[in-house]
Amino acid sequence: MRHQPIDSGLFVENRANLKQLLPANSLAIVHANDVLPTNADGTFKNFPNTDLFYLSGVEQEESILLLFPDSPEPAQREILFVREPIEILEIWEGHKLSKEEATQASGVTTIKWLSEFPGILRNCMLSAEQVFLNQNEHRRAAAIVQTRDDRFVEDCQRQFPLHTYRRLAPLLHQLRAVKSDAEVELIRRACSITKGGFERLLKFVKPGVTEHEVEAELWHEFIRNRGAFAYSPIIASGKNACGLHYVQNDQICNDGDMLLLDVASNYANYNSDLTRTIPVNGRFTSRQRDVYDAVLRVMRASIAGAVVGKMHRDWHHEAQLMMNEELVQLGLLTKEDVAKHTREAPACKKYFMHGLGHPIGLDVHDVAPTNVPFAAGWVLTVEPGIYIPAEGFAVRLENDILITEAGPIDLMDDIPVEADEIEALMAAAAK
């Protein structure tokens, strides 16, 4: 792992919270992600299963967590299965967790090798009344590739067809939506690394640099601070910024262009998500500044409006109403356009067509229940934007916030966002 060790108490607490939600005599099982192939004999770097990491802190491939709180055998109430670190694995793949290291990372005291899983599973299944199996139930997941969890669901139901099976994902979504203090600190660390990357860019960007050169500066800053890109970076100059998921990052940043930067680091598998839009030459034009300030007003008002008890859909609609008024002032909508606004057909959709924000945590688009109001401990992005292809530029701004009973806390309030501050920092770097 690149990050510093995490106190296993976080994962002990997460498992305890899940056990409180399991009915009596229930068994729950979570698998690691597959190591995915590229081409020929290549593979992608292992990407930890976020549910398994949430419950165990373990990032090693092929690991399995079994929870059976009411097992008649105390040694089978909590078991972590990992690959046995035999010599051939150490030679070809590097270090694998020992049993002692697995316990240190997870707080699980009973560690078994993977070869022992089939026999222990059968023993537990014959004592359990309900079995909770896991799948990726994110509402926007494509779900076109079978995962290890998916294959285990099929195999388990084939071997034990008479059991009662239930879904683990809704319970994990409920728990993962509310971040503990320890999780918030990890997200703050990711935000801090992101801040360093953005401030580095303010000193680097100028007419003539290419988008991929900007990306390279971020790679350097993130990696040297034990982070990594939380998602594929969007570094979009000029009209490229009007494509919401532009990731080619191969064009020249020209004098007079705006540069949209949707770039952020993760740390210890916890993510941040930042967007800034800056003038390539260090000075906003009058029109760019007007659009920029309009987006900034909506972002700040939306941060203030993210309070305990509010439904996400109502929060988003409030932002649309604010954006309607800003677009009228910018000459992009008329009052007649706004008068026709409905939730189903918002007046601002031509210029602000995406969501206002999303939960963030172990996943960039983190899991959370969709039919409940905001609660203390939720961490959200806030990302309004205005996109004007006809004028060749767009502005999007994004910060991450923590919802508390006392009101929202901006986790990125120390990252420059005011237009005057950005111009001043870029001017100072140009001297």
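This is a predicted model: local features need pLDDT of at least 70, side-chain atom pairs count only at pLDDT 80 or more; totals for chains, interfaces and linings use all residues.
Start with the second largest pocket, which holds about 1300 Å³ of space. Its lining is made up of 46 residues, and those closest to the pocket centre are His-138, Arg-140, Gly-357, His-358 and Pro-359. Two elements give two or more residues to this lining, namely helix 7 (169–177) and helix 11 (312–329). Of the elements involved, helix 11 gives the most, with five residues.

Helix 13 covers residues 419–430, twelve residues in total, and runs 17 Å from its first C-alpha to its last, close to the 16 Å expected at 1.5 Å a residue. Its buried residues are Ala-419, Ile-422, Glu-423 and Met-426. Looking down the axis of helix 13, these buried residues fall within an arc of 95°, so they line one face of the helix.

The list of buried residues in helix 10 is Gln-288, Val-291, Tyr-292, Asp-293, Ala-294, Val-295, Leu-296, Val-298, Met-299, Ser-302, Ile-303 and Gly-305. Charged Asp-293 is on that list, and in helix 13 charged Glu-423 is likewise buried.

Backbone angles turn up a couple of alanines to look at. Ala-143 is not a glycine, yet it has a positive phi of about 55°. It is located in the loop between strand 5 (130–133) and helix 6 (148–159), and with 68% relative accessibility it counts as exposed. Ala-268 also has a positive phi of about 55° without being a glycine. This residue belongs to the loop between strand 10 (265–267) and strand 11 (270–271). Is Ala-268 buried or exposed? Its relative accessible area is 4%, so Ala-268 is buried, the cut-off being under 20%.

Another alanine, Ala-394, lies in strand 15 (residues 393–396) and counts as buried at 1% relative accessibility. Leaving out residues up to four places away in sequence, Ala-394 touches Ala-241, Cys-242, Leu-260, Thr-277, Ile-386 and Tyr-387. Val-417 is 23 residues from Ala-394 in sequence, and their C-alpha atoms are 16 Å apart in space.

Finally, Val-372 sits in the loop between helix 12 (335–339) and strand 13 (379–382). With a relative accessible area of 31%, Val-372 is partly exposed. Setting aside neighbours within four places in sequence, its contacts are Met-311 and Trp-378. Pro-346 is 26 residues from Val-372 along the chain, with 23 Å separating the two C-alpha atoms.

Definitions and conventions
Residues are numbered from 1 along each chain as its sequence is written. Side-chain values use heavy atoms; hydrogens and water are left out. On a 1 Å grid over the protein atoms alone, a cavity is a set of points where a 1.4 Å probe fits but cannot get out, and a pocket is an open set with protein on both sides within 12 Å along at least five of seven lines; lining residues have an atom within 4 Å of a point. Grid points are joined across faces, edges and corners, and a volume is the space filled by probe spheres set on the points. Helices (H or I, at least four residues) and strands (E, at least two) are DSSP runs, numbered from the N terminus. The expected span of a helix is 1.5 Å times one less than its number of residues. Buried means under 20% relative accessible area, exposed over 50%, partly exposed in between (1.4 Å probe, protein chains only). The arc is that of the directions from the helix axis to the C-beta atoms. Contact means heavy atoms within 4.5 Å.
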